[in-house]
Amino acid sequence: MHIDSVRELKQQAIATLADGAQRRVVAAGVAQGGQPRRFMSLGIAPRWDDKGYSLAIRLQREDGETLAAIEKLKNLARGEVDIRYIDRVKAAAISSRFSIQHRPLQIGCSIGHYRVQCGTLSAFVRRRDAPDGAAYLLSNNHILANENRSKPGDDILQPGPADGGKSNRDRVAGLAQSIQLVSRPNVVDCAVAEIDAAIGFDPRYIPDIGKFSGAIALNVETDLLVVKRGAVSGVTHGRVTAFEVNDLVVGYRIGNLLFNEQIEIEGVNSRSFSKQGDSGSLVLDMDQQAVGLVFARSEKGGSNGLGLTYANPIKRVIDALNVDLI
Amino acid sequence: MNTATIEEAREVRELAKSAFAAIPGVHVMGVGLTRRDGGYAVKVNLDHAVPPGTIRPDMTVRGVPVVVEVVGAVFSE
């Protein structure tokens, strides 16, 4: 859309949401009346393909009231929306002990390319063709390689930029390899960065979970109980609800991409399994074996209604990168 | 009792997807495998609910149960 059209649309959206049950949402988003509880903001965002603009919806909460508002806005904008979960997550990240500086590096801490907000350090790996060589840290392409928009050696920061990481102070690794995100169906969203010589790391201890076995779970089935430690939500437990999920449509800043063979997980204990900033989290089974690499989440679904988390099968991740877990 | 095997569920996955993709205005957000009543099933994720009466709640494809869930949009985290 032309920017003037989006500006007009934004005003219509505010007016629409100002009616009836959506009043509190609008109060939050545009400071209209009452006591603002910020959980939705409206704005204008450039489209990922640089062909005009779309209505930007920034969410800080994910309950039924917010979802109802999103549906209204989607209809109003005829789908030309750019939805992101922000702010509340960022606040959680800043206050989270998982987002502070960790030396030695740990599984589950905040990490990110210097131009990316932040994600989670998944695990430590070595190249199969150099098993005694350098160590690498593992996370997503969209966390370490900025969705294909990076170059080898780029600064990887711990904590990630959204958690206060700075290139001149918090560099821990240089981007080494990423599996390109492509328009045909993907299976993995992953990358590795070579850890700087002066930076120590602990490849096995996961705070609040225990010792990672270093092994890979061979069978991933429905109802498998899993756990992860993410930089934002910390330790959460979940249950596999589906596997071999194909034709999964995932929104990225570079556009919608398809994924095949994915693992679907719901949170238990009235919690979502993951939140924005948990991408890269290593999913483990109850034997502390690696199951998957968190990379995406749905806005709805799951028996608690808090959304579903999607993870790449870890075997496919390490095979694609030709590395082994340490 | 559901006796569908994982191979049977894999075989009908595309058929299940096509059935939902043919419904006007409905977008399939992913199709996976899951378990129901002791056997395997196909799970179809949608961006929003289908109109009432469009599908049977006990829908099967060649004897394999089809589980439908509205998940909305999916985003990288």
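Modeller: Start with strand S5 (residues 110-113) of chain A, which is joined to S6(A) by two bridges, the two running antiparallel. Strands are DSSP runs of E with at least two residues, helices are runs of H or I with at least four, and both are numbered from the N terminus. Two strands count as paired if DSSP finds at least two bridges between them. Within this pair, Ile111(A) sits opposite Gly119(A) in S6(A).

Keep in mind that this is a predicted model, where local features need pLDDT of at least 70, side-chain atom pairs count only at pLDDT 80 or more, and totals for chains, interfaces and linings use all residues. Residues are numbered from 1 along each chain as its sequence is written, chains are lettered from A and ligands numbered from 1 in the order in which they are written, and side-chain values use heavy atoms, leaving out hydrogens and water.

Now zoom out to the whole sheet. It's an open one of eight strands, in the order S6-S5-S9-S10-S11-S8-S7-S23 (chain A), with antiparallel pairing. Its edges are strand S6 (119-120) and strand S23 (323-325) of chain A, each pairing on one side only. Helix H7 (residues 314-321) of chain A packs on this sheet, touching S7, S8, S10, S11 and S23 of chain A; touching, or contact, means heavy atoms within 4.5 Å. The direction of H7(A) makes about 140 degrees with that of S23(A). For such angles, axes are lines fitted to C-alpha atoms (for helices, over the stretch in contact), and the angle runs from 0 to 180 degrees between N-to-C directions.

Strand pairing also crosses between chains. Strand S16 (residues 234-246) of chain A is joined to S1(B) by two bridges, again antiparallel, and Asn246(A) stands opposite Val31(B) in S1(B).

What about the rest of that meeting place? The contact draws 26 residues from chain B and 38 residues from chain A. Together the chains bury about 2,400 Å², 45% of it on carbon and sulfur atoms; that is the accessible area (1.4 Å probe) that two parts lose on being put together, summed over both. Phe75(B), Ser76(B) and Glu77(B) supply 35% of the area that chain B buries against chain A, more than any other three residues.

Charges meet here too: the rule finds six salt bridges across the interface, each a side-chain nitrogen of Lys or Arg within 4 Å of a carboxyl oxygen of Asp or Glu. Glu221(A) forms one with Arg35(B), the closest N and O atoms being 3.7 Å apart.
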